[in-house]
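Hi,

Here is the structure I promised to pass on. Have a look at it first, and then read my notes below.

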Amino acid sequence: MEKQVILNEKQLQLTLKRLSHELIESHGDFSETVLVGLQPRGIHVVKKLKEILEEILQHAVICGNLDITFFRDDFRRREKAIIPSITNIDFSIENKKVVLIDDVLYTGRTIRSGLDALLTFGRPAKVELLVLIDRRFTRDLPIQADYVGKDIDTLRSEKVSVEWKQIEGEDKVVLFTKESNG
Amino acid sequence: MDNLSVDHLTGIKDLTKEDIELIFKTADSFKEVINRPIKKVPSLRDITIANIFFENSTRTRLSFELAEKRLSADVVNFSASGSSVKKGETLIDTVNNILSMKVDMVVMRHPNPGAAKFLSQKIKARVVNAGDGTHEHPTQALLDAYSIREKLGTVAGKKVVIVGDILHSRVALSNIYCLQKLGAEVMVCGPTTLIPKHIHELGVKVSHNLLEALEWCDVANMLRIQLERQDIKYFPSLREYSMQFGLNKEILNSLSKEIVVMHPGPINRGVEITSDVADSKQSIILQQVENGVAVRMAVIYLLASKIER
């Protein structure tokens with residue numbers, strides 16, 4: 001596996017700041033908006049965005065975590081059972097604008113599951129999608145993001161990993177390429 | 001650990017500690033799901049489950065059925081009364097006929113100990129034991145231990161006394177296995193006639209004095225006297241049983257610490273437990289029922305994930 005850093009810590013922070021400003025541009029003071037991170041990796045993006053948004057807005061932004069395990073379309077198509085993570089949505093999404101947030105948009109299947117899972121909590125006024133990395137031309141479903149940190153073109157055999165200081169030791173986005181693919 | 005070590009749930013005896021912890025972790029997620037405005041997930045929409053009850057049940061059957069429906073499984077129900085069983089059909093024939101209709105999982109209650117295990121060896125579908133005679137009732141034990149974990153934070157190191165008709169109780173045996181695997185200490189308490197002779201070999205303490213048992217424990221699980229399974233008299237009268245082994249507010253208040261009171265249901269109010277205790281804040285009887293659905297969802301979800309397509 002060949003490793004290539006797409007975004008380093010500084011660039012990642014800059015991207016997150018830009019995304020925060022884009023969100024403020026569309027959502028104003030966030031009085032009608034909530035952020036929902038998709039488990040397991042989207043929640044770290046939410047955490048970062050929340051910090052930046054609250055610093056700019058000087059008030060709390062409502063955030064939650066959503067686990068999509070039971071809404072996936074690959075149950076029984078895998079070797080192992082998929083073990084759920086924690087869902088934490090202790091607010092009403094009824095008539096709210098919801099921004100679904102994940103780290104990498106790839107096939108779009110996770111987002112499809114996320115939409116279904118989200119709707120079990122009520123009927124939001126609007127749902128938008130924010131992703132840190134959009135792997136273009138790899139979609140299995142007609143799903144596109146409203147806010148994108150960085151577009152990249154990748155092969156199916158490649159892997160994109162968004163890493164965080166508190167888990168992997170460093171904030172960065174890495175592209176893994178199989179050497180045999182040249 | 002992200003898969004159960006077993007293909008069927010016939011008894012707690014076959015489970016590992018890791019299996020039980022996996023079920024609890026999964027049940028945590030389902031407990032959150034069943035408190036959403038829409039209490040349903042689509043995971044099992046291509047699975048069909050038959051609930052086959054050769055013995056009466058209200059709570060367990062309802063709980064299983066709700067669990068199955070909240071997982072989006074298709075559910076068929078079958079009870080022995082009014083069926084071909086009365087016409088002389090064997091268990092295997094009955095079940096195989098149901099399976100011919102493309103059923104993936106069977107939840108069965110049967111009066112004979114070992115019926116679930118026997119079935120699991122003979123048929124292709126997954127089997128969940130919903131009580132086999134006086135042998136095991138694994139999902140009840142799981143929900144009991146889950147409720148203790150929820151109330152006290154952990155099961156390990158806790159002292160649990162099971163009071164009552166231990167001899168005829170599948171709940172008692174499954175509870176003993178489950179609690180011990182999770183690191184709890186278990187005591188059984190009841191009249192000599194209702195305590196199996198060699199039960200200490202399972203590593204449980206035995207007491208015939210309710211007050212002494214309650215002083216020792218953190219949790220008391222009060223069992224029902226199963227008159228329907230008692231072919232002879234095991235004690236002089238229900239009144240005498242109730243005076244010696246019934247839990248009332250007076251005894252509860254006389255203890256040096258606050259204990260948690262449980263009951264697997266159905267309650268015989270005034271026999272093993274008085275109403276003021278059953279409805280007190282120390283009782284987690286209704287939480288047990290709520291947790292039952294979440295725990296059964298977890299068991300069915302984890303077993304279903306192993307069904308080949």
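This is a predicted model: local features need pLDDT of at least 70, side-chain atom pairs count only at pLDDT 80 or more; totals for chains, interfaces and linings use all residues.

Chain A has four helices and eight strands. Going along the sequence, they come in the pattern β-α-β-α-β-β-α-β-β-β-α-β. Its radius of gyration is 16 Å, close to the 16 Å that the globule rule gives for 182 residues, so chain A is as compact as a globular protein of that length. The C-alpha trace of chain A spans about 50 × 40 × 30 Å along its principal axes.

Chain B has eleven helices and nine strands. The radius of gyration here is 19 Å, close to the 19 Å from the globule rule for 309 residues, so chain B too is as compact as a globular protein of its length. Along the principal axes, the C-alpha trace of chain B spans about 55 × 45 × 35 Å.

How many residues does each chain bring to the contact between A and B? On the B side there are 17, and they are in contact with 14 residues of chain A. H1(B) provides the largest share of the B side, with five residues. Sorted by class, that side of chain B has seven nonpolar, five polar and five charged residues.

**Two domains in chain B**

Chain B splits into domain 1, which covers 12–137 + 289–304, and domain 2, which covers 138–288. Their C-alpha centres lie 25 Å apart. Between them, 24 residues of domain 1 are in contact with 25 residues of domain 2. On the domain 1 side, helix H1 (17–33), strand E4 (126–132) and helix H11 (285–304) of chain B each supply at least two residues. H11(B) gives the most, with seven residues. That side of domain 1 has nine nonpolar, eight polar and seven charged residues.

**The four-stranded sheet**

Now back to the strands from the opening question. E1(B) and E2(B) belong to an open sheet of four strands, in the order E2-E1-E3-E4 (chain B), with parallel pairing. At the edges are E2(B), residues 74–79, and E4(B), each of which pairs on one side only. On average, neighbouring strands of this sheet are turned by 15° against each other, direction ignored. H11(B) packs on the sheet and touches E3(B), residues 105–110, as well as E4(B). The direction of H11(B) makes about 150° with that of E4(B).

E1(B), residues 48–53, is joined to E2(B) by six bridges, and the two run parallel. If you want a pair to look for, Asn51(B) stands opposite Asn77(B) in E2(B).

**The five-stranded sheet**

The other open sheet to look at in chain B has five strands in the order E7-E6-E5-E8-E9, and its pairing is parallel. E7(B), residues 205–207, and E9(B) are at the edges with a single partner strand each, so one side of each has no neighbour in the sheet. Neighbouring strands are turned by 20° against each other on average, direction ignored.

Three bridges join E6(B), residues 185–189, to E7(B), and these strands run parallel. Cys189(B) has Ser207(B) as its bridge partner in E7(B). Helix H5 of chain B, residues 138–152, packs on this sheet, touching E8(B) (219–222) and E9(B), and its direction makes about 160° with that of E9(B). H6(B), residues 170–181, lies across E5(B) (159–163), E6(B) and E8(B), running at about 160° to E6(B).

**A few backbone details**

Where are the cis peptide bonds I would point you to? One joins Gln39(A) and Pro40(A), with omega about 0°. Pro40(A) is in the loop between strand E2 (33–38) and helix H2 (42–57) of chain A. Another runs from Gly265(B) to Pro266(B), with omega near -10°. Pro266(B) is in the loop between E9(B), residues 260–262, and H10(B), residues 275–278.

Phe30(A) has a positive phi, near 65°, although it is a residue other than glycine. You will find Phe30(A) in the loop between helix H1 (9–27) and E2 of chain A.

Best wishes

Methods. Residues are numbered from 1 along each chain as its sequence is written. Chains are lettered from A and ligands numbered from 1 in the order in which they are written. Domain bounds come from an automatic or database domain assignment. Two residues are in contact if their C-beta atoms, placed from the backbone, lie within 7 Å. Ala, Val, Leu, Ile, Met, Phe, Trp, Tyr, Cys and Pro count as nonpolar, Asp, Glu, Lys and Arg as charged, and the others, Gly among them, as polar. Two strands pair if DSSP finds at least two bridges between them. Axes are lines fitted to C-alpha atoms, for helices over the stretch in contact, and angles run from 0 to 180 degrees between N-to-C directions. The radius of gyration is taken over C-alpha atoms; the globule rule is 2.2 Å times the number of residues to the power 0.38.
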